[in-house]
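User: Please take a close look at the salt bridges here, and tell me which parts of the chain they tie together.

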Amino acid sequence: MKMRTVIGLTWLLAAGLFPQAQAQPVLPPSLTANPAPLTLQEVLQSSARSAPDIIAALARNRQAEARALTAQGAFDTVFAIEGRSRILGYYDGAEIAGKAEQPLGGNGGYLYGQYRASRGDFPIYEDKSYTNRLGELKVGALYSLMRDRLIDARRSEFRLATNDIDIARFETKATSIGVQARAVEAYQKWVAAGLKLKAYEALLGLARGRADGIERQVRLGAKPDILLTENEANLVRRQAFVVEARQDFRSAAVKLSLYYRDADGRPVVVDEARLPDDAEALDGIRTDPAFNLEGRPDFAIMLEEIEKATVKLALARNDLLPRIDLGGEVAKDIGPAGAGGRSRTPLEMIVGVTFKIPLQNRKAKGKLAETQAKIDELTAKQQFLAEKIRAEVAAIGLEVEAAGQLVATTERERELAQRLALAERRRFELGSSDFFLVNQREESATNAEVKLIEAQARIAAARTELAAATADEDALGLTQVATP
């Protein structure tokens, strides 16, 4: 029964150790020209430069800027020309007018200038159409005294678009932090998987190095034949560990390729030769102990949302005010008197006032109440988000501290396990120990080594999470690379 188990394990191992006999998936290219160990900074620089999520977020930022430009178009200067002529009837008057109008950026009014010229006769009810021979020049302005004085629909739309630019910028920052944190995680998992593979390969090497000696002792009669079978079963079991570890390492390399890319932005599967020598590569994140709550993108976005609601509240209050507009214009006909007579020639100055107010104004009142309620909602959410962020950062800080203690304990455990394994091998070589015990000691030492790698990966992951939670752009490599 034991021999059948060994044969079965050997067959499964062969299927894993010789993948060239099977159909292989197409993987992204690997860069083997650079044999130097891959560093975390290389991965972060590549990710910040080429990650599709970051590029897409930057595109959304440009969209917000374009929408702001669209809103700013409400303040564009407008030029219009209008002409009319009577081609039939008693009167033959013809008129042409060109007008330029410029909305005011700090008031709901506008400035305008106009040139108008006419020929022929007009009916008395169109007497204002007459001009002198060279036409009429006119400049004027309308200024809002109450409603639309401080804010109006045009200015509020532009201010909201400006807030949307800030929101898009903070969303881009949030996306970049998330991508970089995942890039760090992928790199750390790749390093941890590679170091585990090395540990299992070293364990397998011990078994292979002992096989010749056991076979020689059996031939000489110093050891029973069953020891060969037991050693083969132990060898196959360790080979299975290596196969599984190598599969995890290859899988981690493929996942890392989503963040490590070449100059053209294509994913790169890192060659095994670039694996760092030890777990120091995991300790590449250095977080800033200072934490500014407003540096968190989600909190900054919440502040922008409150600012947007405040703009809408101001617009609703503006709509409750009566409209009082002051207008004035100066006009001067030039050239010889036309068909309308000399009365057009003197300089004219006109001043007027417009007053308008809805008697019920229910629309503005409803909008005011709705916007105030929205501000109350966002304020409550902001307070809870601040509490949640502080609790999150504190919890991660405790996780980092606990992970650091675990690493210290696990290092001691590995040291003791290695000493026991070394001592047991010496006893076995001297004939004072049995095969089962020496294998158990070696595997315990390897398990302690793997456990230490996992503990080091855990503290590295906790520091990465802390860097993301505190929006530490320096630690995540976002301040060193100019993204496209």
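Analyst: What follows is an account of the salt bridges and their partners.

This is a predicted model, in which local features need pLDDT of at least 70, side-chain atom pairs count only at pLDDT 80 or more, and totals for chains, interfaces and linings use all residues. Residues are numbered from 1 along each chain as its sequence is written, and side-chain values use heavy atoms, with hydrogens and water left out.

If a salt bridge is taken as a side-chain nitrogen of Lys or Arg within 4 Å of a carboxyl oxygen of Asp or Glu, the count comes to 33. One of them joins arginine 274 to glutamate 42, at 3.2 Å from N to O. Because arginine 274 lies in the loop between α5 and α6 while glutamate 42 belongs to helix α2, this pair ties together parts that are 232 residues apart in sequence; helices (H or I, at least four residues) and strands (E, at least two) are DSSP runs, numbered from the N terminus. Arginine 274 is buried, at 2% relative accessible area, whereas glutamate 42 is partly exposed at 26%, where buried means under 20%, exposed over 50%, and partly exposed in between (1.4 Å probe, protein chains only).

Aspartate 164 and lysine 308 also form a salt bridge, their closest N and O atoms being 2.8 Å apart. Here helix α4 holds aspartate 164 and helix α6 holds lysine 308, so parts 144 residues apart in sequence are tied together.

Glutamate 126 meets arginine 84 at 3.1 Å, N to O, and salt bridges that share partners join Arg84, Arg86, Glu95, Arg116, Glu126 and Glu136 into one network.
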